[in-house]
Amino acid sequence: MFERDGRERFWAEGEDTWDLIVVGGGITGAGILREAARAGIRALLLERGDFAGGTSSWSSKLVHGGLRYLASGDWRLTRESVRERQALMRAAPGLVEPLTFLLPMYAGARPGRLAMGAALKVYDWMAGLHYSHYLDRESARWRVPSLADDDLNGAYAYLDARTDDVRLVLRVLAEAVADGATALNRVSAESLLVEGDKVTGVRARDGVTGAAAELRAPVVINATGPWADGLRAGVEAPPRLRPLRGSHFVFDFARLPMAQALTLFHPRDRRPLFAFPWEGTTVFGTTDLDHEGWPDRPACMTPEEADYLVEGLTHYFPSLGLGREHALCSYSGVRPVVGGGAENPSDESRESAIWDERGLLTVTGGKLTTYRVTALEALAAARDRLPGTPRLDGRAPILRPAPPARPGEARLAGRYGDDYTRMRETLPATDFAAVPGSVSVWAELRWALRHEAVVGLDDLLLRRTRLGLLLPRGGAALLDDIGALCRAELGWDAARREREREAYLAHWRSAHAVPAGTGDAV
């Protein structure tokens, strides 16, 4: 996808004029690059960190319509979301997978059974489905035996989907690159080029090689998510984002077994919670809090959030005796929500926003599920400034069909798309053995090292694969074996391997180790 010599070729060839420069390599930037490449636009994407290294790697891993948006009256966003969810499930089986959610109905809870049933019928209708149905108390208990059953009347079942958020970004980027686009990680847009009163490009610097250049384009799109206000400062635009932090626990599946997902409401404040199976583990979250000190203060779970989530676990799964000490890890992300003045962070809209400020087009807000809609809207806003006024095709398949998978390898085909065939043809059969304790295979690591612009161990273990979230202590027990792979594929000597090990483990402890609780309220 992003061959190891691609970075060197880029700087050596010295291309400094493009039709479009996209700044930001999360799902929004990737989607814009994909649709631009489909339209024949010469497009370049720059990501100062790693692809999907911000919000797009720390989402709730759900591709969903947003049932709560329907409850708040945002019908347009809900309808758009469920349609895109359906399109993604059709386009990427093995990567975007349908998942049954149960919503327990307890005596006295609001909304009640009739209101919830009506909302779910509308939710189905928007997607063209007839799926949601009511389960009586015994059926609900049979599906989730560990669920608290005091005052439980039954549960509604409805459909949404889950994904590996990073692999979705990488597959979208891979298709963009295959269609002629260029994508570089670890290259920052240090500042904007402004001529007269218009943005005409960026000053870029490679964090790996130190190379720098002025890169020009008639359109520069700011798709940096929660960092968007930083780039907007280059055109003297005032801050407009409200950074909101969401934190999650990841449990070994045996600790919190889930055959399907649960939608719950925190007993203290009725914020939505989710528990669902993911990559052989169970994810439980999320919080929704103002993240003070952004961007200087990185996102990680606070002790107060750990207490809050444990309170939810204890309320809904009292028989399991779960505490923070039982979690494999935690993760947190910052949502790039546009501030609307709501007192409660959860009441802020998740709609995308597009602003044109002195020629800098900023795209922010929005949802993982609706990335294609956002991308097409952004390109439509810039279309008159693009060479040739390109035609945009919103009816094209959202992703190309993956090649047929071997038995048991639908997961790999979904994650790698067109590259799955090449992976199978070029990697040794022994690489397709499972990594101990996970659903991943060794081929995923070797492929990433050869073809996916890995710079450090955190790229490999937290994003190209998710082993850092799925294994105890971030996969520390496997670092010798992984180091040997890095030596073979990247030529790392013993000193480099040790530096990477120490840096990765230090980062994992600071960002993903579960904090001790405080007993204080969130």
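## Briefing: helices, buried charges and backbone details

Helix α1 is followed by G14, which has a positive phi near 65°; helices here are DSSP runs of H or I with at least four residues, strands are runs of E with at least two, and both are numbered from the N terminus. Please keep in mind that this is a predicted model, in which local features need pLDDT of at least 70, side-chain atom pairs count only at pLDDT 80 or more, and totals for chains, interfaces and linings use all residues. Residues are numbered from 1 along each chain as its sequence is written, and side-chain values use heavy atoms, leaving out hydrogens and water.

**Helices with a buried side**

- Helix α1 spans residues 6–13, and its buried residues are G6, R7, F10 and W11; buried means under 20% relative accessible area, exposed over 50%, and partly exposed in between (1.4 Å probe, protein chains only).
- These four cover an arc of only 130° around the axis, so they sit on the same side of α1; the arc is taken from the directions that run from the helix axis to the C-beta atoms.
- On the face of α1 turned away from that buried side are the exposed residues A12 and E13.
- The packing partners of the buried α1 residues are the strands β2 (43–47), β7 (182–185), β8 (187–195), β9 (198–206) and β10 (212–216), where contact means heavy atoms within 4.5 Å.
- Helix α12 covers residues 419–426 and has D419, Y420, M423 and R424 buried.
- Their arc around the axis is only 140°, which places them on the same side of α12.
- The buried residues of α12 pack against helices: α7 (165–178), α11 and α13.
- L173 belongs to helix α7 and counts as buried, with a relative accessibility of 0%.
- L173 and G29 are 144 residues apart in sequence, while their C-alpha atoms are 9.0 Å apart in space.

**A pair of packed helices**

- Helix α4 (residues 75–91) packs with helix α10 (residues 371–382) at an angle of about 110°, and their axes are 9 Å apart; axes are lines fitted to C-alpha atoms, for helices over the stretch in contact, and angles run from 0 to 180 degrees between N-to-C directions.
- The two helices α4 and α10 are therefore roughly perpendicular, a label for 65 to 115 degrees, with under 35 counted as roughly parallel, over 145 as roughly antiparallel and the rest as oblique.
- From α4, the contact is made by E80, E84, A87 and L88, and from α10 by Y371, R372, V373 and E377.
- Sorted by class, this contact of α4 with α10 has 4 nonpolar, no polar and 4 charged residues; Ala, Val, Leu, Ile, Met, Phe, Trp, Tyr, Cys and Pro count as nonpolar, Asp, Glu, Lys and Arg as charged, and the others, Gly among them, as polar.

- E444 is part of helix α13 (residues 442–451) and counts as buried because its relative accessibility is 2%.
- The side chains of E444 and R411 are joined by a polar contact of 2.9 Å; such a contact is a pair of N or O atoms within 3.5 Å, and within protein one must be able to donate a hydrogen and the other to accept it, while residues adjacent in sequence count only if both atoms are side-chain atoms.
- A polar atom of the E444 side chain also lies 2.9 Å from the backbone nitrogen of V441.
- Leaving aside residues up to four places away in sequence, E444 touches R411, L412, Y416 and T465.
- E409 sits in the loop between α10 and α11 (410–416) and, at 10% relative accessibility, counts as buried.
- The side chain of E409 makes a polar contact of 2.5 Å with the side chain of Y420, and Y420 is itself one of the buried residues of α12.
- Not counting residues up to four places away in sequence, E409 touches Y420, R424 and F432.
- D307 lies in helix α9 (residues 303–316) and is buried at 13% relative accessibility.
- A polar contact of 2.4 Å links the side chains of D307 and R324.
- D384, in the loop between α10 and α11, is exposed, with a relative accessible area of 71%.

**Backbone details**

- R110 and P111 are joined by a cis peptide bond with omega of about 0°, and P111 falls in the loop between β4 (96–106) and α5 (113–127).
- Another cis peptide bond runs from G285 to T286, with omega near 10°; T286 is in the loop between β15 (281–285) and β16 (289–290).
- R186 is not a glycine, yet its phi is positive, near 60°, and its place is the loop between β7 and β8.
- E236, also not a glycine, has a positive phi of about 60°.
- E236 is located in the loop between α8 (228–232) and β12 (241–252) and is exposed, with a relative accessible area of 68%.
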